[in-house]
Amino acid sequence: MVSHLVTTIRNVVGITGNVISLFLFLSPVPTFIRIWKKGSVEQFSPAPYLATLINCMVWVVYGLPMVHPNSTLVVTINGTGTAIEIVYLTLFLIYCHDKKKRVKVMLIVLVEIIFIAGVTALVLIIAHTTQRRSMVVGIIAILFNITMYAAPLSVMKLVITTKSVEYMPFFLSLASFANGVAWTAYAFLPFDPFIAVPNGLGTLFSLAQLLLYATYYKSTKRIIAARQEAKMEMHLSEVVVNGDNKDPKKNSTAP
C-alpha cells in the first residue's frame with residue numbers, strides 16, 4: 001500500500017517535473033525572438049544551450065530501458081529538450097556574425113554527438129547489467145547536469161562586471177530554479193543520487209542567478225535608459241548637421 005502510494009506520488013512529481021522542464025527548455029524563446037528581430041546574437045552566450053544539449057542527450061541514454069528501466073519520463077522530456085536545443089543552436093549559428101565563434105560552436109556540437117555515441121556503445125558492450133550501466137551513465141549524467149546549471153556562471157560574471165542583467169535571461173533562471181526543485185523532489189521518491197545531486201546543486205546555482213537579477217534589475221533599467229537617451233541625442237545631432245549641410249544660404253559664398 002505504502003509502496004503503491006510512493007510510486008503514485010513519484011509519477012505525479014515526475015510529470016510535474018516534465019512540465020517544468022519543458023518550460024525550462026522553452027524559456028529562451030524571448031531571447032531568440034530578440035536575436036531574430038535584431039539579426040544578431042549580440043553578447044548572448046551559446047554556453048547554456050551547448051551545456052543543455054549534452055545534458056539532455058546523456059539523460060536520454062540514462063533513461064533507456066536497457067540502461068535504467070522504468071524511466072520513461074526521463075527519456076520523453078530529455079528527448080524533447082534535445083530537439084529544442086538543436087533548434088536554438090541552429091538559430092544561434094544563423095545570427096552569429098563572428099565566423100570563429102560559429103566554427104567553435106559547430107565543433108563543440110560535433111564533439112558532443114561523437115561523445116554520446118561512444119558512451120552509449122561502450123556502456124552497452126562492456127557493462128552487462130542495468131545496475132552497472134545505470135551507475136556509469138549516472139555518474140556522467142551528474143557531471144553534465146551540473147555543467148548545464150553552472151553554464152550561466154560566465155554570464156553571472158558579466159552581470160557583476162557591468163552591473164546589468166540585460167544578457168542574463170530572467171525566465172531561464174526562474175525555470176532552472178523550478179526545474180531543480182521539482183527533480184530534486186522526484187529523486188527522493190525513492191532516493192536516486194544520480195538525479196538528486198546535480199539537481200540539488202542546480203537549485204542553488206539558479207537561486208544565485210535570481211538573487212543577482214534582483215540586485216542589478218534597477219541598475220539595468222538605468223543603463224538601458226541612458227543608452228537609449230545617448231542614441232537619441234546622437235540621432236538629433238546628426239539631423240542638425242545634415243540640415244545645416246543642406247541649407248543653401250549657409251553653403252553659398254559671397255559674390
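Predicted model: local features only at pLDDT ≥ 70, side-chain atom pairs only at ≥ 80, totals over all residues.
I take helices (H or I, at least four residues) and strands (E, at least two) as DSSP runs, numbered from the N terminus. Residues are numbered from 1 along each chain as its sequence is written, and side-chain values use heavy atoms, with hydrogens and water left out.

**Entry 1: the largest pocket**

I searched on a 1 Å grid over the protein atoms alone: a cavity is a set of points where a 1.4 Å probe fits but cannot get out, a pocket is an open set with protein on both sides within 12 Å along at least five of seven lines, and lining residues have an atom within 4 Å of a point. Points are joined across faces, edges and corners, and a volume is the space filled by probe spheres set on them.

I get a volume of about 400 Å³ for the largest pocket. Its lining has 16 residues, with R34, V165, E166, P169 and Y213 nearest the centre. At least two lining residues come from each of α2 (29–38), α8 (170–187) and α9 (193–246); α9 gives the largest share, five residues.

For classes I count Ala, Val, Leu, Ile, Met, Phe, Trp, Tyr, Cys and Pro as nonpolar, Asp, Glu, Lys and Arg as charged, and the others, Gly among them, as polar. The pocket lining then has ten nonpolar, three polar and three charged residues.

**Entry 2: the cavities**

I find three cavities of 30 Å³ or more in the whole structure. The largest cavity holds about 170 Å³ of space. W59, N78, N145, W183 and N199 are the closest to its centre among 15 lining residues. That lining has nine nonpolar, six polar and no charged residues.

The second largest cavity holds about 140 Å³. I list 14 lining residues for it, of which L24, T52, M148, L172 and S176 lie nearest the centre. Helices α1, α3, α6, α8 and α9 each give two or more residues to this lining, and the largest share, three residues, is from α3.

**Entry 3: α3 against α5**

I fitted axes as lines to C-alpha atoms, for helices over the stretch in contact, with angles from 0 to 180 degrees between N-to-C directions. The axes of α3 (residues 47–62) and α5 (residues 99–126) come within 10 Å and cross at roughly 15 degrees. Angles under 35 degrees count as roughly parallel, over 145 as roughly antiparallel, 65 to 115 as roughly perpendicular and the rest as oblique. The two helices are therefore roughly parallel.
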